[in-house]
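Hi everyone, thanks for coming. Let me put the sequence and structure up, and then we can walk through a few parts together.

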Amino acid sequence: MDAPAYGYCGRALVIDASDGSKEVMPLPERVLRDYLGGVGLGTWLMRQLCPAGVDPLGAAAPLAFVFSPLVGTPLTTSAKFAVVAKSPLTGLLNDALASSHFAISGKLTGYDAIVITGRAGTLTSILIDDGEVRLADARELGGLSAGEAEEAVRERHGRRWRVAAIGRAGENRVRYATLSHDGRHAGRGGLGAVLGAKNVKCVAVRGSTRVEPADRQAVLAAAKDLRQRSFGPATAKYRELGTLANLLAFNAINTLPTRNFQAATFADAPALSAEDLAASRSIARDTCVSCSIGCEHIYASSTGKKARVEYENVFALGPMCGVSDPDDVLEASARCDALGLDTISAGGTIAWAMECVERGLLDVPWLRFADGRALLRVLDEIGDRTGIGALLAEGSRRAAQRVGCGSEAFAAHVKGLEMPGYEPRTMQSMALGLAVNARGADHNRSGAYEADLSGTLDRVHGSAEHVRAAIETEDRAAVMDSLILCKFLRGVFTEPFEEWATLLAAVTGWGVTGTELRETARRIVLAKRAYNIDQGWSAGDDWLPDRFLDEEVELASGRSAVLTRERLRSMIDIYYEERGLDPEGRPRAVPEREGTEPTP
């Protein structure tokens, strides 16, 4: 095998959890330059290694931890890794990002990706030490939270080990279980259930294989410049109040989903606002490794329960479920972290169930909107798959299919992934982004809400301009998620593709340009779609639930926001054309699938 490009190891490690055997998969420089790393490289790996139609909870389904060329450099926010697999929630491609030491130590093992296949006979830990693999009995870790399991492994094997683990929800194969490291979560799409289905409690890494950049001085200079810019006004909101600062702003413009999207404002929003909580319950700020922003805000409930607080977990467990007591919302967020549950999918599925109870479709009289104690009880039942939790652990799409009686119309998901905290009727660029995204209802792989909030577009009347703005955010996300850089940095770049090309060139030595990275973005977006087509996607999956197309949203001005089927269809058709897709949403030119085979 040729020497790898600067910034890369040039190979992936493929481990069979059933016996600990391993294979090494060469990663040609052409593939690395075409897909970069992170989500892009993970998508390429899934197209090579994931059989069409595979059961995502089956032994043959691969799960990949994927690093990037920037990991290990001093560039701020670069200590990130992607986890990529077929989602048990959507049946389609899923990727999620997490930060901190696991990314650095994982790459130090000497691989650009670590792929897990197979299924262990009993609950197992996988330990990877400079590329050497061994399995360890993990039955005594059963039932522990991810954080407790991580601490136990490091206590037993040594503090240099870095550990990604699952909680009870992952062991019980809840379809939206998370995979966590150092209190940070690869949260969406059920990656914890994929690992749990392999009887793997955790993956631990330790290594010493350093990867050199092409131009160390250029990287140091770029790191110094980027760090300085990261202290500027573009990141001030994240440092001062965190993403929870969005709550009151979204409430004011009628885009805060409330009571399962039955309303777009929440009367009790001030009680959950960053401004109120920061004054009364804030106990610390924290930062990811190799990050100069420090966006994490840690609050405590009146009982002392600590929770990392962001807009999405507060929206999902607060207004979405009609819960306004800060203690209940903070406790619920901490409970999700302990169990290993994605807060967005948990809140969305519970809110759907609360509406079913309200309509007389489910006989669970204690599960009512605005009841914080009920919220905590049902989270425990979901994590353990007991009582009503056995149904809700399947996610809102499957649960609605079982309940029927019209409940599918108000199950707020796209492709099976529950919707984040953005009201699509009042943010119509975002409506398109949610509908067509490969991962499903997602705000990180398509930041189309940026266009809606920019003030340059009428956010309640979607048009071709909204489509082009959504595509631009999708392309930017594809590159940032593959390099990998934190989205909170996006505002510090004035010419992002050109500036990202400069960073990549300093690390790899490639003569990469902004134009090339735009082509890379399009390649990655189309590769995701091609993977989904292989796994059974159809054009009908690019759509929104009936609630958003049949019901109006009242605005503070007295007007109503309406998203018609005709308008959504028009935007999707324009998107397909602009993306080079045929009228059924299939790529006219499919990215190459051919690659290399693993070798023992």
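First, a term: helices are DSSP runs of H or I with at least four residues, numbered from the N terminus, and a helix's expected span is 1.5 Å times one less than its number of residues. What you see is a predicted model, where local features need pLDDT of at least 70, side-chain atom pairs count only at pLDDT 80 or more, and totals for chains, interfaces and linings use all residues. Residues are numbered from 1 along each chain as its sequence is written, and side-chain values use heavy atoms, leaving out hydrogens and water.

Let's begin with helix α20, residues 496–508. From first C-alpha to last, its 13 residues reach 18 Å, close to the 18 Å expected. Is α20 enclosed or open? Largely enclosed by the rest of the structure, because 10 of its 13 residues are buried, meaning under 20% relative accessible area with a 1.4 Å probe, protein chains only. Among those buried residues are Phe-497, Trp-500 and Leu-504. Their cover includes α7 (216–229), α19 (464–483) and α21 (514–534).

Now to α21, where we find Val-525. Val-525 counts as buried, at 10% relative accessibility. Beyond its neighbours within four places in sequence, Val-525 is in contact (heavy atoms within 4.5 Å) with Glu-474, Asp-475, Ala-478, Tyr-575 and Arg-579. As for Asp-452, 73 residues away along the chain, its C-alpha is 21 Å from that of Val-525.

That's my tour, and I'm happy to take questions!

Definitions and conventions: Helices (H or I, at least four residues) and strands (E, at least two) are DSSP runs, numbered from the N terminus. Buried means under 20% relative accessible area, exposed over 50%, partly exposed in between (1.4 Å probe, protein chains only).
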